[in-house]
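Look at the model below and keep it in view while reading.

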Amino acid sequence: MIIPAKLLIVSSASLIASYALAANDTPSQADANAHPIAVSEPSTVLLESAKLPEPIERVEPKYPVSMARKGAEGWVQLNFVVGTDGSVNDIVVVDSTGMKAFEKAAVKAMKNWQYSPAFINGKPIEQCHNDIQIDFRLDGGQRGVRRKFKRNYQSVREALDSNDIALAHDLTESMKGKGLLNSIEFTYYSLLRADLAKAQNDEVSELQYVERILNTDKKGEYVGSEAYRMLLNRLFVLQLKQAQYLDALDTFQRVETQENNEDNIALLNPYVTKILDLLESDQVISIPGEVKQDGDWWHGLSRNSFSLSNVSGTLKTVELRCHNKRELYTATTDSTWNIPESWGRCSVRVVGDTNSQFTLLEIPKHSKQS
């Protein structure tokens, strides 16, 4: 039996309340590993004389039959390169709802995509900083949750309310093992995981699940407008604490687009101002990194110089994907990567053994370090 999703909103009230931004929940300048950093916009050359790639043909992915039979839905986020001939290559799955069938279908379809190539000064170049999310949704699919899911959801919520963190963890793992039917179930499962991570003071995992909620419920259709606004607030805070400053500024722009959201905008605006006021800081930015189970770690750079340090485990490669340049290097701790401004905004992808930990240092442009 399918239960309307709105029935779960009441039992999520504590979660929604807990995502309201508290005065002591925002990062300060003295927070470890959370110093504001400069926003690196695409280069002047890229903005003034570049012709960006435009899609010519995008082959729709085939809905996996096995997923359709289950009524399963999901999404896949990918990063890819548009070659000088307009072909799509070097496709990497950045995140997804966890269903391999959807990931394979998305990658297979993208291999047949065709773009007009990017040009600078009349010469074709690789466009190496491209992101997209492909959604798998069933037309006419059930817009609620199963009775079994609702029971399991309420059991986890009760465990969290009673601060039985171990039981809540076990129950959420059990829910994951039983499969999630559709986008609504994935949204509310991610709400549980975000709340569990918050109770465990695991802000890295909490950020991941809050992002997944908002990537699935893009307009607050499932959780409601109030919860959606609070989740955007929480996303901003978590990104700030994890030194994801460019992403935090992007999130604030989303906050500004929400209707009847003047109070939240006023609440966050001082922290945006603080970031902007300290863009020219001479502080070295320390960003903790850990290789995920799928073997990599991504970070959007805000400065043009960085290095790696404090490695525990094995790192293999460092890949730079910029607006108009891509490079692959051996991961070392005795090198500083200095990126030409003409490359534009860049993301760095560190590949290594699962659970390898390290620190990425973003270096001020006027630093004497070489």
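**A walk through the model**

Leu-196 is buried, with a relative accessible area of 2%. Buried is the word for anything under 20%, so a value of 2% puts Leu-196 in that class. This residue belongs to helix α8, which covers residues 183-199. Leu-160 is 36 residues away from Leu-196 in sequence, yet the two C-alpha atoms are 7.1 Å apart in space. The model is a predicted one, and every value in this text is computed from it.

Next come the charged side chains. How many salt bridges does a search of the whole structure find? The search finds 15. One of them joins Lys-218 and Asp-135, with 2.7 Å from N to O. These two residues come from distant parts of the chain, 83 residues apart: Lys-218 lies in the loop between α9 (203-216) and α10 (225-241), and Asp-135 lies in strand β9, residues 127-136. Are the two partners buried, exposed or partly exposed? Lys-218 has a relative accessible area of 41%, so it counts as partly exposed. Asp-135 is also partly exposed, at 32%.

A second salt bridge is formed by the side chains of Arg-234 and Glu-206, again with 2.7 Å from N to O. Here, too, distant parts of the chain are linked: Arg-234 sits in helix α10 and Glu-206 in helix α9, and 28 residues separate them. The surroundings of this pair can be read from the accessible areas. Arg-234 has a relative accessible area of 4% and is therefore buried. Glu-206 is buried as well, because its relative accessibility is 1%.

Lys-325 and Glu-327 make another salt bridge, in which the closest N and O atoms are 3.4 Å apart. Lys-325 is partly exposed at 32% relative accessibility, and Glu-327 is partly exposed at 26%. Salt bridges can also be joined into a network. Asp-296, Glu-319, Arg-321 and Arg-349 are linked in this way.

Now turn to the strands. Strand β12 is made of residues 296-300, and four of its five residues are buried, which leaves the strand mostly covered. Which strand pairs with β12 over five bridges? The partner is strand β17, residues 346-352, and the two pair in the antiparallel sense.

Strand β13, residues 305-312, takes part in two pairings. With strand β16, residues 336-338, β13 runs antiparallel and is joined by three bridges. Ser-305 has Asn-338 as its bridge partner in β16. With strand β18, residues 357-362, β13 pairs in the antiparallel sense over five bridges. In that pairing, Leu-308 has Leu-360 of β18 as its bridge partner.

Arg-147, Lys-148, Arg-151 and Lys-178 form a positive surface patch. One of these residues, Arg-151, is found in helix α6, which covers residues 147-161.

How values were computed: Residues are numbered from 1 along each chain as its sequence is written. This is a predicted model: local features need pLDDT of at least 70, side-chain atom pairs count only at pLDDT 80 or more; totals for chains, interfaces and linings use all residues. Side-chain values use heavy atoms; hydrogens and water are left out. Patches are made of residues with over 30% relative accessible area and no salt bridge: like charges are joined within 9 Å, nonpolar side chains (Val, Leu, Ile, Met, Phe, Trp, Tyr) within 5 Å. Accessible areas come from the Shrake-Rupley method with a 1.4 Å probe; for residues, only the protein chains shown count as cover. A salt bridge is a side-chain nitrogen of Lys or Arg within 4 Å of a carboxyl oxygen of Asp or Glu. Lys and Arg count as positive and Asp and Glu as negative; His and the chain ends are not counted. The place of a charge is taken as NZ of Lys, CZ of Arg, CG of Asp or CD of Glu. Buried means under 20% relative accessible area, exposed over 50%, partly exposed in between (1.4 Å probe, protein chains only). Two strands pair if DSSP finds at least two bridges between them.
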